[in-house]
Amino acid sequence: MPASRLKVFLPLIVFALFAGLFYVVQNNIKEGRYDPQALPSALIGQLLPDFELPVLNSAENKIATKSDLPRGWLLVNVWATWCPSCHYEHAYLNKLAVTGEVKIIGIDYKDENAAAQQWLAEKGNPYALVMADQQGRFGLDLGVTGAPENFLVDPQGVIRLRWQGPLDEGVWAVNFKPLITGAMK
Amino acid sequence: MISSSLMRSVSSFRLIFSSFLRGSESISSHFMDSGFRQNDARSFFASRVLRLAFLLLLFISIPSFAVIEDREFANPVDAQRYQNLIEELRCPKCQNQNIADSDAEIAEDLRNEIYRQLRDGKSDKEIVDYLVARYGEFVNYRPPLNSKTVLLWSAPGVLLFIGVLIWWRRFAVKKIPADNELSAQEQQRLRELLKANHPSGDQS
């Protein structure tokens, strides 16, 4: 009786289906295609929020606003010296700054100015402009949950992509670059 | 000025106090009926101490689950609103906690922000909208009913309906067949079987 034999194997079939599902999900996590913690940003397609933040490397305590941002594609990079992944990310940011594909804007998130300045002096400064968000208020406006986080802003000032976690060549090539080159065509 | 942790204590205290009141009332009426005896006093004391100890246990365990904060509010209503908000908003970092229970730094920032906005006189809706605009509908443990959340809201009802349907099909509709009389042939066979198993025939 094939029907009743099928019934006997039903638990095994269910197990195999779930095992297959979990394997696919785990594999996607491992290869960076899926992050169960990643949240869709509420800011995609919206203008970069306004801000008034002190410039990190300025002697006269200059305050920067949105009008101080350079033109063109921007990468808003939220970082901090207390953030381990930011150490990993920094080397790639230095490389990316040299290519000139984007101007990198640094938001030093809930950090100490002295430590941040020392970090930039030691590791190099990839930022066209770097500001200190000591209270994390601009971080709240961006919907940041930690560091590092990266926002791609188009020349019209619209946020096109949010990436939670460190940038590297792979992430840039797969997620960021197509948006920039796609818009240029 | 009432702090939020104090508010919680006040409400627990009210519970203790009211149950005490009820307890002592019944005991005092008992005294009036039978006059004062030492035995009564001892049991009265023991029951009161026990009740107090038991209620104190409840009292201690309530606030220990939440992050301990000391905030000043202009009035108890604001303190309660603050408590409700942080319990209904979800931490965007540690994703299965509300921001009241989470120790994550972002949860603390969000609590500070909610507190600041409450003090600035913002309404609950304005505060929730502020957070949803930044963190998305995700932060709302009580999402509004719309085309995106209709599945979420209807799932419990649909699942319950399916469950009831299955239960009904399995148990409720098992009708007894209308024709449950044995035929003459079957009666004969039944008698033979019974006879074979119980030759003495004294059992039916």
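Author: Helices (H or I, at least four residues) and strands (E, at least two) are DSSP runs, numbered from the N terminus. By this reading, the elements of chain A run α-β-β-β-α-β-α-β-α-β-β-α from the N terminus on. The structure is a predicted model, in which local features need pLDDT of at least 70 and side-chain atom pairs count only at pLDDT 80 or more, while totals for chains, interfaces and linings use all residues. Residues are numbered from 1 along each chain as its sequence is written, chains are lettered from A and ligands numbered from 1 in the order in which they are written, and side-chain values use heavy atoms, with hydrogens and water left out.

Reader: How many helices and strands does chain A have?

Author: Chain A has five helices and seven strands.

Reader: How should I read burial, and what share of the residues of chain A count as buried?

Author: Burial is judged by relative accessible area: buried means under 20%, exposed over 50%, and partly exposed in between (1.4 Å probe, protein chains only). In chain A, 42% of the 185 residues count as buried.

Reader: What do the contacts in chain A join?

Author: A contact means heavy atoms within 4.5 Å. Among contacts in chain A between residues at least 6 apart in sequence, 70% join residues at least 24 apart.

Reader: How is the packing of two helices described, and at what angle do α2 and α3 of chain A pack?

Author: Axes are lines fitted to C-alpha atoms, for helices over the stretch in contact, and angles run from 0 to 180 degrees between N-to-C directions. In chain A, helix α2 (residues 84-99) and helix α3 (residues 113-123) pack at an angle of about 50°, with their axes 11 Å apart. The angle therefore makes α2(A) oblique to α3(A); angles under 35 degrees count as roughly parallel, over 145 as roughly antiparallel, 65 to 115 as roughly perpendicular and the rest as oblique.

Reader: In which hand does α2(A) cross α3(A), and which residues meet there?

Author: A crossing is left-handed if the near helix is turned anticlockwise from the far one by less than a right angle, and right-handed if clockwise. The crossing of α2(A) past α3(A) is right-handed. From α2(A), Cys86(A), His87(A), His90(A) and Asn94(A) meet Trp119(A), Leu120(A) and Lys123(A) of α3(A). Sorted by class, this contact has three nonpolar, three polar and one charged residues. Here Ala, Val, Leu, Ile, Met, Phe, Trp, Tyr, Cys and Pro count as nonpolar, Asp, Glu, Lys and Arg as charged, and the others, Gly among them, as polar.

Reader: At what angle do helices α3 and α4 of chain B cross?

Author: Helix α3 (residues 76-88) and helix α4 (residues 105-119) of chain B cross at roughly 145°, and their axes come within 11 Å. The crossing of α3(B) and α4(B) is right-handed. On the α3(B) side the contact is made by Asp78(B), Arg81(B), Tyr82(B), Leu85(B) and Ile86(B), and on the α4(B) side by Arg111(B), Ile114(B), Tyr115(B) and Leu118(B). These residues divide into six nonpolar, no polar and three charged.

Reader: Where does the salt bridge between Asp141(A) and Arg134(B) lie?

Author: The side chains of Asp141(A) and Arg134(B) meet at 2.8 Å, N to O. The pair crosses between chains, from helix α4 of chain A to helix α5 (residues 124-135) of chain B. Arg134(B) counts as buried, at 18% relative accessibility.

Reader: Where is Lys110(A) placed, and what is its phi value?

Author: Lys110(A) is in the loop between β4 (103-109) and α3 of chain A. Its phi is near 50°, a positive value in a residue other than glycine. Lys110(A) is buried, with a relative accessible area of 16%.

Reader: Which peptide bond in chain A is cis?

Author: The bond from Ala147(A) to Pro148(A) is cis, with omega near -5°. Pro148(A) lies in the loop between α4 (137-142) and β6 (149-153) of chain A.

How values were computed: Salt bridge = Lys/Arg side-chain N within 4 Å of Asp/Glu carboxyl O.
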